[in-house]
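Thanks for asking me to look this over.

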Amino acid sequence: MQEARPVSHSAFQFIRSEPVPSLKLNVEEYEHKVTGARHFHLSADNSENVFLVALRTVPQDSTGVAHILEHTALCGSERYPVRDPFFMMTRRSLNTFMNAFTSSDWTAYPFASVNRKDFGNLLEVYLDAVFFSRLDPLDFAQEGHRLEFAEASDPNSELLFKGVVYNEMKGAMSSVTSMLWHTLSKYLHPATTYHFNSGGEPDCIPDLTYEQLVHFYKTHYHPSNAIFMTYGDIPASEHQAKLEDLALKRFQRLDKTIAVPDEQRYYAPVRVEERYPLAQDEDSGNKTHVVMAWLLGHSASLEETFTANLLSSVLLDNSACPLLHALETTDLGNAPSPLCGLDDSQKELAFVCGLEGCSSDDIDAVELLILDTLTKIAAEGIPQQDVEAALHQLELHQREIGGDSYPYGLQLIMNALTAATHRGDPVAMLNVDIALNTLRSAIQDPNFIKQQVRKLLLDNPHRVRLSLVPDSAINERKERAEKERLAAIKAGLSEVEKQAIVERAAALLQRQAKQDDESILPKVTLADVPAKEANLEGQHQQLPKSGRPLATYDVGSNGLVYQQVVVDIPELNEQQLAALPYYTSCVTELGIGDKSYLDVQRWQAQVSGAMNAFSSIRSKVDDIHSTHQFLTFSGKALVRNHDPMCELMDATLESARFDEHGRIKELIAQMRAAREQSVTGSGHALAMSAATAGMCAAAKLGFQHGGLEGIRRIKTLHDDLKDATKLAEFCATLESIHHEIRRAPRRYLLIGEAEHQPVLQKTFARWFDREAPGVLTSWDLPPVRETIRQGWLTNSQVNFCAKAYATVPMTHPDAAPLVVLGNVLRNGFLHRAIREQGGAYGGGAGQDNNSATFRFYSYRDPRMEETLGDFDRAIDWVMSTELPWQAIEEAILGVVSGIDKPDSPAGHAKRMYHGDLHGRTLALRQTFRAQVLATRLEDLRRVASTYLAPANANIAVISDHSRQDKIAALGLEIMKL
């Protein structure tokens, strides 16, 4: 019997509906009859509904017009003429996701919610913001860029560039990886929009005029240029009724088609060299990045995309893949480039590979290494089992239900968006079983991979080799050029123009201080909040032979099984404890028994989707100076591969080998590279970690393992491992940790679908139910209470600031009001002071129950001393301001929204299990939830006065080497990475 056709609204034409069995959903496509807007609805039995509207945005310069428009469009609209409806709605909502993205060729506005009232509220605000934005010139000045005097009312003071996006992109372009990608794109795409930085180059952003912004809005933000995508259990017709009524009925079809043309292809490879900044006191030796990139076929073509994905997988997926093996084992660089892989986010696919940590004398040798490796593959091919394993990984990735980092429905929408943007077939990008079957047939030809290597890479002349060479003088030249540019502008200003700058600064400040009528915005209230959190009950048993505990969770995992072996970490000596993060990173990347690490990499790719290890050392819920310590081995596989995955995990636990010294040295080099690159993207988290390091033992260990001290330690370790004796000693330390872990007590977690559980449990027991559990001697970390006042130096055009205060753990009645206080301070004071007035990309505050600390932070911040002062002024503000109930209610809504944020089915099970393991039981969480819901203004003032005395704050700042004197003037200890 034929399935009934979905019902559409009368304003929309139904085009097609296609089931996607592997994702358990139907994809429906519609077209708006008048404007031609496309609507793709992913109909699924999921109450977390997702909405996204995307506009094709194709800038022709690097002024950041699309990015600045994304920000400015959210600053007030026709129906909601308040200054900041987007951020206001973040606190009047139970959303599980709210954001806006600017990509290289589209701008998207997505949100998600499990509450239908909330979903409807957000839809109204989003549609009005996108299609009826006010675009106030003052919002453009705040969010984009503006000229302002250092002392806003004094035209004789220094002239400065300010603006949120301006500072955001200064921070983004401080990242060498970002610089590498945008520079590579500039040469890989000589004639299309990808030649430019859609986010904006800091040098170019001040060239954008308000008139250009408005023109871009009028030509790009129109339904004829829009793609609507929805996911969940709300029918398409309901969405369409809202789309028509709230926006589309007011538009006619646009006469203009926005599209990206195919790139003009090179007839011969291009080789270029550019520079990136390095600290003046840093050694420039072996700091060059060398990457090679090829432009391939169309991302909207399913066949071309999957063929390129398979080729990238067999070349680079794991250390046994020939190209990655060549890059990891060569002495020409420290580690493979972070850009290695296939980029499928633009109209045409790009394959990139290369090295970082090279000598500038070896640039040609790196190119030769890559081309020789590819030539060898084209001649000899790749073992069939390795090609099959790569296809297995593609299948597993397609089948897995995500949703831990952001909503699963949004992940699916994003997978389809590139094809929709370029007027391809987004449905095909979701229903990929046909493509997988086609590839499965194609790879039976032993020449298939050889042919693709030759066709897509060796015989493809559209190839770029970029070498990015360190330059210790470039930052100084940039700063001097900016000062000279501003001085020239100031010298050319008339008195009238100077006064206009002063008046605009005053007008902006007045606008930022204005209290808008928030009642015009829709909202949810505490009455819409569930009294209890959604719980997932597991089944707990003991394995019959060993008596070891096994927890099982029945979830809809779409044919995957997840399992973990959780080990109680035994007491380690100081050397072993310092090496623990290196052990967890290395142990699943090494050989096993008589198998080399290359054999094991192949084994993992054939049977498992992932095999990793991680430690979790957290303060107890009622005593922050005492800890729970666990180490987890985690894996996932298709159900048909459960038995071989168990064999692999058991072998890793029992027989991992630590005698492959060269491999361990390579892994440490790769870890160092990744950690060094993390600073500009995660600077706020790293600053907070540094500030809290003196509060308790677990926080200090986190700082030493994963924080700024961890980065400093891995740099020293990597340098030390050049000595063969020290390398051997280090490997022996890792082996000694493994010896202790093998003997320690274990417990187990098994997650899968209910119908598979009996067989899964039987298989699991066959591999793991043996020998009696070890006996653990109780131990703890030495207690910590230190004052931290540090300034960390790195290469960054912006700052990251943090202050931390010692508070209480989760079991204390004050913990809940402290969590609410963080949202109150962010919503009512810090957002305005740090972002709108200060120009930082972000800032906020919050209670961390794990370390019993309250932390303030700023992100990509042009200021330092003033921001630290704003943190103190925020405390004064909450103590002296009569806050309305609405402000407290909104803060509580934000806390509950974070608590109730959905996970993937497997992620939910893992969170419940590990929460219980660390003492965060359902009963404790429910008590905490009730305390959050009961918080009132007097509670906020009580906890602020009790715990947040500025004289007791720990401080950490991350800034550039050039600001060392300013940091010292704040009385901070200078720390160097």
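1. Arginine 423 sits in the loop that joins helix H13 (408-421) to helix H14 (426-430). Helices here are DSSP runs of H or I with at least four residues, strands are E runs of at least two, and both are numbered from the N terminus. The phi of arginine 423 is near 60°, a positive value in a residue other than glycine. Arginine 423 is partly exposed because its relative accessible area is 43% (buried is under 20%, exposed over 50%, partly exposed in between, with a 1.4 Å probe and protein chains only).

2. A word on the basis: this is a predicted model, where local features need pLDDT of at least 70, side-chain atom pairs count only at pLDDT 80 or more, and totals for chains, interfaces and linings use all residues. Residues are numbered from 1 along each chain as its sequence is written, and side-chain values use heavy atoms, with hydrogens and water left out.

3. Asparagine 286 also deserves a look: its phi is near 55°, a positive value in a residue other than glycine. Most residues other than glycine have a negative phi. Asparagine 286 lies in the loop between strand S11 (270-277) and strand S12 (288-298), and it is partly exposed, at 42% relative accessible area.

4. Is methionine 649 buried or exposed? Methionine 649 is buried, with a relative accessible area of 0%, and belongs to helix H21 (residues 642-655). Beyond its neighbours within four places in sequence, methionine 649 has contacts (heavy atoms within 4.5 Å) with residues including Gln563, Met611, Phe633 and Phe768. Asparagine 612 is 37 residues from methionine 649 in sequence, and their C-alpha atoms are 9.6 Å apart.
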